Amino acid sequence: MPALKRIAATRIVAQPQVLDSADVPQSSLALRFAADELFVTPPLQDETIITAHDPHAILIREGGFAGIWLPAEEAALFLARNCEWEIPNGRPAFAQGAVASIPTKLWLEDEQVLFIVPAPYAHDFAERMQD
Amino acid sequence: MRLIVDGRPISYEPGDSLLIALLRADIQPTGGGCLCLGGDCANCLATVDGVSYVRTCQTAAKPGTVVQLHHTQKYPPLPQEDEARPAVPARNLFSDVVIIGAGEAGRTAAREAEAAGKSINLLDATYGEEAIGIYPGPLVVVRTPHETLHVHAQDEIIVATGAAEILPIVPGSELAGLLTRRAAEKLAQAGLDLGRVVAIGTPPAAVDCQLAAGELLRFEGENGRLHTVITQTEAGQENRYACDTAVLNLGLHPRNALLRMGHNLPVRAVGDAALESDIPACPNEGVVCPCEGVSVADLETIWEQGFHEMELVKRATLAGTGTCQGSTCLPYLRSFLLKKGKTLQPSFTARPVTRQLTVGEVSAGTHHHATARTALDAEHRRLGAQMERSGGWWRPWSYGDPDGEYWAVREAVSLMDVSTLGKMIVSGPDALEFLERLYPTKVSTIKDGRSRYVLLLNERGYVFDDGLICKESDTRYSLTFTSGGVSHAEMWLRDWAASWQMDVHILHQTMSLGAINVTGPLTKQLLAKAGLANPPGWLAHTKAEVAGVPCHIFRLSFTGELSFELHHPAEDSVKLWRALLEWGQEFGIRPHGLHTLLRLRLEKGHIIVGQDTDFDSTPRRIHHDWAVKLEKPAFIGRHAVERTNKIPLDKLLVGLEMADGPAPMEGAVIWHDGQFAGHITSSAWSPVLHKAVMLGWLHYFDGHLPETVTIDGRSARRVPVPFYDKEAARARA
Amino acid sequence: MNEFQEKLVNFKWVEPKKTYDVIIIGGGGHGLATAYYLATRHNITNVAVLERNYIGGGNSGRNTTVIRSNYGIPEAVRFYQRSVELYQTLEDETERWIMHAQKGILWMAHGETAVRAEKARAEINTAFGAKTVFVTPKEIKEICPEVDLTGGGVWPIMGGSYHPEAATARHDRVNWALAEGAMKRGVHVHQNTAVTNLIKSGNRVIGVETTAGPMHANVVMSAVGGHVTGLAALAGLRLPIRTHPLQAFVTNHYEQKFHPIVASTSLLTYVSQTARGEMLIGAEIDRQPSYSYRSGHHFLQTCAHRAMTMLPFLRQLRILRQWTGVCDMSPDYSPIMGFTGVDGFVLTTGWGTWGFKAIPAGGEQMAQLIATGETPELIAPFALDRFAQDRTMADRGSAGTH
């Protein structure tokens, strides 16, 4: 069965404008789950880039998501079978919605796609990838 | 190349549909009647590779295909067993425009769309792409021989499905040997010998035939086969035409079911599908609806019985409710009602599905609701746990020895995976005000580092969830909710925060945090060994490392014993769990499941929202008035609680114990003097108390709550809760 | 050839009058049944039933025809058991074939807590006159050999409750038998007659404005489905009702073989075979309130999938048709019947997913209420003012599907 691995990240809920201008390290992957929510992996080393601008921001060490990279072609085939909504065209792109009836975040690059699901559903997601 | 028909191999030519192959072998489909070869009528149905009601004219012949003709008098049998076929896959296609039908009109529409810079998907039924329904989206669902397509349109759907040919309805129209004009042309093209052909109306191209003069009167035949066409001239004279095949051209009615299905959606028809239907003359005799065997006489009878609305005629005769969904009979039903003096009726409602697909095909691409697994799921299964779905999660029900698990908690130390507990953080300048309005408790009196058990009420003053508020600072609180209730609670919080315009951040972290409850009299020894020298006091919480894992530690107790709930990053759950189990060996540690937890908390009289409460549980009815501070100016449910508090109580959640004997089942009825007095919500044998203890709803009788009742034919007594450790000395040890 | 064509029912349509003793708004099952029982039990025949479309054209003709009384609270068990019994004799009484067939219903439980719930159902049913027993997986297999006890390896069946008196009947024929029975005795039924307003005198409803002109009556009853909140608002009432779509589908016709009604409390789907041989499959209500009759694909897809999990033989059956009705849901998932606080205006509503099974008992009881001016004991718990009085009829275990 394909192995989804827990992703070490920081999840942040903060003012949208603070997230808009957050100085997240270039080397990390920052996904905007919602206007007020940002997911950064690997975990943020310096939390003050957020807290300095929004003292009420919530930052947690986030290990509750699991992910797997698939080559672009394999991902496209799986998505054609299991995704009822249109994937954005540009690359890289972030998208989220139900895939195989499980809430999923997608990070789409030219050559590969990262599938991220809540870790409690990783087992079912892996089974559905295998079908 | 051969296919198998009723156990007999027959040869066919490349490109044949099953129907053409059958006719080539001189086998008439059992439906009888006029064949259209266009997928419109239901006269060529057969069971193909185990699937009944397949239109053989729309199905390509393949080597080894197994065809069973339908019985003429009986419906096909239900399949005995599923042959474990592979699931049908779904495929999603996206474009600006979806065009259904690749005929002239469809291809023109496709060219126009492309010229306008639109992306298109053109569906071609001749390649086996049968559109079965249009749904909001807009979405076209398409059956193909191999997969189910979900074709999504960004802009519009164009129905270019053409028109169906009107079939004859006269005496003898059930005979074999009748063809529509298009059907005759297709068969001639396939090289079939149609014998002597008589044409009624415009004759088919490239078919030698005799033209019948006059109006069609009836068909005559023998052994189900046509031999004569009879027409009538205007002068009233009958003409007889001996023939093998009659070819009918009686007009067209649009294949617009998909268009009608898509009303109020961006769907339009082009070409013949957009035509108004020809309305044929109302027949005097013959079968109008071959699917359900409804004759003209049946329509006359039902009219005489007072069924005059189109929909009532349909429902009473069943005309139009069969496999072809009115494709054959609809023009004639409209014609019949017109003749009866009604205005021309619109076509009846078009509902999915038009061309048909199997239950398996339509389910393509879907899955069951996934049941969530905690980070410790594999640990539980390895320990032999019986897993139970609870609140959307897989949870250990027991590890095989409920009594052993029970005593580990009461006398030693035990673990339970409570990661499923709903968990959120609320932070912001308005955090306190927000929580004051949400919760009936006085949140401002919770001190830093303390936590409090709280109820959540809806606007009607009924309890819908419970949990903890844990104060971290004046502007930041951690909240917990029930496992099954947290999804609803999250929407509840977000909706109210938005509608009150509260300046707060909300983070739902149920899956981010694992939680292990360490409970039992030896808990402190175990935690000390795991590195926690100074555990928090009763109802306090603190952050510290346990077994090298950073934990947020809550001191509370649901089991009735000394308990610490260790919230920790989910990725560390396994490490923490294994370390505690290993270090707990010397203290007799073993994990416990839900079964044991339900019994432990019942001994303590702790309710479970959802099990012991119902839609109408006010705090007062469950003895939780203390959790509601009516002196607070505003919180959700306050008005309702104030109002209902003035109404005399009718029932109360109470503790009960049996005089002797085993625990009654949960749901058992409570009787008092032979009258219904309520029911049991929780029930268990208490090993430590040596008696059966229960919670249940007990009704008032003339303002009094009975002291003794009958359950299961045995005597039970109302008692105060908790049943066990009334002073809570053990939990607070 | 078609034995299922309606052969006996005969309607006699008449012109409307200006005044009736009773006007019933809504020519569905409950409206027609009330008229039928007014005429047959109380000899009150100066009654008009007003239907804006054709009789039985709303939810009475769109439901999935299950009759049962295995509810979760005593008041509901008693009420629906009355209906089960009235249905059993309705064919003899009306001398019309409503295709009543006793089938028995199996409610599958897929976990320990669900097993407890079904045991509890059997207990409370038995205590209040409905026959329901707990059955083991082995017994389930005997009642329904087609069932996959492993639930596709995903939803294993650990037991269930069996309610042998559960039945089905053809919805249209129930409506027609009641309509004809009422009309024969002098009741007027007016189709294509929409009520556009209520005529009031002070706090009393004294008649209705209709597309066929005004009509007056001593009592006006609402037996409307779907848009009842709008009608009640004309009387100055605010009803605690939300309307949700409910969908179902049928396969083509197959030989009679599948006897019981099979339902799952976890998968929220149920399956039966109709008298005409279609396999009928339904699910729970749509969560989103709406008056829409539009069919949905997600429903069809997921419901088909869940049904197949219990009954794998369904996989190869071809689907004939799907459709949608709307359900008026009350806050406690129980109906609302009786006086409204507005003189001259009574109502029967909140029929959620249980309206069809309640038609005879609902009609009988409302007829008695209108005839006597007093609320019958059997429906007293379902009065509208229970919400204000904090006496709701919470029936969590029975809500939601059929």
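In this predicted model, the buried residues of α6(B) are B:Met310, B:Glu311, B:Leu312, B:Val313, B:Lys314, B:Arg315, B:Ala316 and B:Thr317. The helix spans residues 310-317 of chain B and is mostly covered, with eight of its eight residues buried.

B:Arg315, buried in α6(B), meets the side chain of C:Asp172 in a salt bridge, with an N to O distance of 2.8 Å. In chain C, α5 covers residues 171-184, and this helix is among the elements that each supply at least two residues of the side of chain C that touches chain B. The others are α3 (112-127), β13 (242-253), α7 (297-310) and β17 (319-329). Of the elements of chain C, α7(C) gives the most to this side, with nine residues.

The interface as a whole can now be described. Chain C contributes 84 residues to the contact and chain B contributes 95 residues. About 8100 Å² is buried between the two chains, and carbon and sulfur atoms give 53% of that area. On the side of chain C, the residues that lose the most area to chain B are C:Arg294, C:Gln316 and C:Arg318, which together account for 11% of what that side buries. How many salt bridges and polar contacts cross this interface? The rule finds five salt bridges between chain C and chain B, along with 38 residue pairs in polar contact, both residues of each pair being at pLDDT 80 or more. By class, the side of chain C that touches chain B holds 37 nonpolar, 25 polar and 22 charged residues.

Strand β13 of chain C, one of the elements that supply this side, also holds C:His244. Is C:His244 buried or exposed? C:His244 counts as buried because its relative accessibility is 11%, under the 20% limit for that class. The side chain of C:His244 reaches the backbone oxygen of C:Asp286 at 2.9 Å. Beyond its neighbours within four places in sequence, C:His244 is in contact with a run of residues that comprises C:Ile285, C:Asp286, C:Arg287, C:Gln288, C:Pro289 and C:Ser290, and also with C:Gly325, C:Val326, C:Cys327 and C:Met329.

The domain assignment of chain C places residues 105-164 and 243-326 in domain 2, while domain 1 is made up of 19-63, 171-241 and 331-398. On the side of domain 1 of chain C, C:Asn59, C:Arg62 and C:Gly226 supply 47% of the area buried against domain 2, more than any other three residues. Zero salt bridges are found across this domain interface, although five residue pairs are in polar contact, both residues at pLDDT 80 or more.

Chain B is assigned domain 1 (2-69), domain 2 (167-250), domain 3 (281-346), domain 4 (377-600) and domain 5 (603-719). Taken over C-alpha atoms, the centres of domain 1 and domain 2 of chain B are separated by 22 Å. Here 14 residues of domain 1 are in contact with 16 residues of domain 2. Between them, domain 1 and domain 2 of chain B bury about 1200 Å², of which 63% is on carbon and sulfur atoms. Which residues form the salt bridge found across this interface? The rule finds one salt bridge between these domains, and B:Arg225 forms a salt bridge with B:Asp26, the closest N and O atoms being 3.5 Å apart. Seven residue pairs are in polar contact across the interface of domain 1 and domain 2 of chain B, both residues at pLDDT 80 or more. The side of domain 1 of chain B that touches domain 2 has seven nonpolar, five polar and two charged residues.

Conventions. Residues numbered from 1 in each chain as written. Chains lettered and ligands numbered in written order. Predicted model: local features only at pLDDT ≥ 70, side-chain atom pairs only at ≥ 80, totals over all residues. Heavy atoms only, no water. Contact = heavy atoms within 4.5 Å. Buried area = accessible area lost by both parts, 1.4 Å probe. Salt bridge = Lys/Arg side-chain N within 4 Å of Asp/Glu carboxyl O. Polar contact = N/O pair within 3.5 Å; in protein donor to acceptor, adjacent residues only side chain to side chain. Helix = DSSP H or I, 4+ residues; strand = E, 2+ residues; numbered from the N terminus. Nonpolar A, V, L, I, M, F, W, Y, C, P; charged D, E, K, R; others polar. Domains from an automatic or database assignment. Buried < 20%, exposed > 50% of the residue type's maximum accessible area, 1.4 Å probe, protein only.
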